[in-house]
There are 2 protein chains.
Amino acid sequence: MTSMHAIVLGSAAGGGFPQWNCGCPNCVAVRERRPGYEVRTQDSLALTASSDPMSGRFVLVNASPDVLSQIQRTPALWPRGPRHSPIACIVLTNGDMDHVLGLFSLRESYPLALYVTSSVRRGLEESAFIRTLRRFPEQLVIREIALGERIELAGPGPEPEPLGLSMVASPMSGKLPVHFVGHAKGSPEDNIALSFSDAGGRSLLYAAAGASADVVLGEHDVVLFDGTFYREDELVRLGLSKALARDMAHVPIDGETGSLARLAGLEARKIYTHINNTNPILAPDSEERRAVENAGWEIAYDGMHIMLEGENR
Amino acid sequence: MTSMHAIVLGSAAGGGFPQWNCGCPNCVAVRERRPGYEVRTQDSLALTASSDPMSGRFVLVNASPDVLSQIQRTPALWPRGPRHSPIACIVLTNGDMDHVLGLFSLRESYPLALYVTSSVRRGLEESAFIRTLRRFPEQLVIREIALGERIELAGPGPEPEPLGLSMVASPMSGKLPVHFVGHAKGSPEDNIALSFSDAGGRSLLYAAAGASADVVLGEHDVVLFDGTFYREDELVRLGLSKALARDMAHVPIDGETGSLARLAGLEARKIYTHINNTNPILAPDSEERRAVENAGWEIAYDGMHIMLEGENR
């Protein structure tokens, strides 16, 4: 029997929850450990095709700065020998610092395959990130993601071990990472959604950051979607910034063009992730939390296991 | 009354404890939560001159990749307003990835002062790290450390707020970080020990990495010293590497030229830190742990508070 098993390693937007220098009501509440508030690390997902995660090999979606504590909290990702990791490869959804920095923490002489689009690869090369990574003695095998093409995920070896999972990348409207500006022009490859499938046809879409909910999502069993902001002017209302959600290339949950309205008809298990520290859905008793849950959405949390099993589709 | 208060934010060497891809006996024991084994993050220290840490401003020694979880675990470092941090400045002991990466996690539009030697600054500039950091809109004020000169630590503002702490840097024999090789020549400024003093003359030495214990240490109330390896051939014995401690520029604890023998006469509160995951002093019942403790040394742990108070010297 085939299966797909996903573990949410991090469910927060960049900066995490709480954010180190933020004293907004949500951050204060989670620091005080008020009931219902949970610490969240920066967005990342681990996926395996094995029906027993404790023996499966994993693909990591994004390498967050929190990757070491994320691995430590997740027994399925612990080594199974003197020098070992169940992580076989890493896929990046874009070149954001919050998705790339973790690569520098995974460099103790362990081979990994890295899947990136050519535009993200160029950005990483020209901003010297890959040059720096290459200075460490591990074998970092880089493979390019072409939009719309099905890719069979595999480990880094000379005869790459297939992981039993395939993926297809679609463009999502996004924003060039600050550290790429000047090095690279905007491209549809800058920010992608990833559709993962197992051999039985079960599928999961990871679309954790995007400026619009009007994307062709296709049919999926599970959809993880951008839950960064509840409202367009969330940061402005809190007096923390002048930036609107759209200035940061995130479609808010609320409003006519928001994800709650636009994805109302989507038939799938629907989960918000990449949640910013200011988002009122993080407050357990908020009306915004109720609105999201009443519409059938779940809210991702660190350590959430998502199992896709049973009959093939 | 003046005072100095130090908090060990991280007490492990690069990679942390457990290390993500290591299955050595220590790493297995800490993952299984066996009694006496404690998780350790990568080396960093927070210091304040305030007698009440909850209202003091802090200097951070090194910005580890674990900095966000280190701050989160330490109430004295939590924000005291909507956008705030008690951290005023950061001092780097060298340009190692494990001391620099955290800077990328502290970039949510918050001004900080960064103290580095000119050789570390050059390395960071030529390997494009500082260029990348400068792309973010915060104000990163960089100040150079000259060896042997007393520096009054201060915040980043145009009229820098003094922190009530001064420091003097001494060279420690070290090794050029891998990502600087080719960009920079070796220099006595590559790796330093830092002697911190408050206005009352109390002092703390942070010498967390060095190839020799034959350094002029001067008089200090507290000395935090390199506890990376217990033995010269520790990694070889465990079958994990061919590298000796000296190949990695760390003086071991044991042996004729080891730190336990060479620093036996040092009059100070003595604490080993920057402890590698393989070091047998991490095992609560080991003879090596007993040897170190019988010689009057303490072993740093994450969250350890070191208070220097009372009469001026």
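**View 1. Helices α1 (25-31) and α2 (67-72) of chain A and α1 (25-31) and α2 (67-72) of chain B each supply at least two residues of the lining of the largest pocket.** In this predicted model, the largest pocket holds about 1300 Å³ of space, and its lining is made up of 48 residues, of which Ser69(A), Gln72(A), Arg73(A), Ser69(B) and Gln72(B) lie nearest the centre. The helix α2(A) gives the most to this lining, with five residues. By residue class, the lining of the largest pocket divides into 23 nonpolar, 13 polar and 12 charged residues.

**View 2. Chains A and B are superposable by a turn of 180°.** Chain A can be laid on chain B with an RMSD of 0.0 Å, the shift along the axis being 0.0 Å, and that is the relation of a two-fold axis. The same surface serves both copies, in that 100% of the contact residues of chain A recur in chain B.

**View 3. Seven strands of chain A form an open sheet with mixed pairing.** The strands follow the order β7-β8-β9-β10-β11-β12-β13, with β7 (151-154) and β13 (297-299) of chain A as the edge strands, each of which pairs on one side only. Direction ignored, neighbouring strands of this sheet are turned by 25° against each other on average.

**View 4. Strands β11 (residues 222-226) and β12 (residues 269-273) of chain A pair in the parallel sense.** Five bridges join these two strands, and Val223(A) has Lys270(A) in β12(A) as its bridge partner. Helix α8 (residues 287-294) of chain A packs on the sheet, where it touches β12 and β13 of chain A, and the direction of α8 makes about 130° with that of β13(A).

Note on methods
Residues are numbered from 1 along each chain as its sequence is written. Chains are lettered from A and ligands numbered from 1 in the order in which they are written. This is a predicted model: local features need pLDDT of at least 70, side-chain atom pairs count only at pLDDT 80 or more; totals for chains, interfaces and linings use all residues. Side-chain values use heavy atoms; hydrogens and water are left out. Copies are superposed by least squares on the C-alpha atoms of residues with pLDDT of at least 70 in both. Contact means heavy atoms within 4.5 Å. Two strands pair if DSSP finds at least two bridges between them. Helices (H or I, at least four residues) and strands (E, at least two) are DSSP runs, numbered from the N terminus. Axes are lines fitted to C-alpha atoms, for helices over the stretch in contact, and angles run from 0 to 180 degrees between N-to-C directions. On a 1 Å grid over the protein atoms alone, a cavity is a set of points where a 1.4 Å probe fits but cannot get out, and a pocket is an open set with protein on both sides within 12 Å along at least five of seven lines; lining residues have an atom within 4 Å of a point. Grid points are joined across faces, edges and corners, and a volume is the space filled by probe spheres set on the points. Ala, Val, Leu, Ile, Met, Phe, Trp, Tyr, Cys and Pro count as nonpolar, Asp, Glu, Lys and Arg as charged, and the others, Gly among them, as polar.
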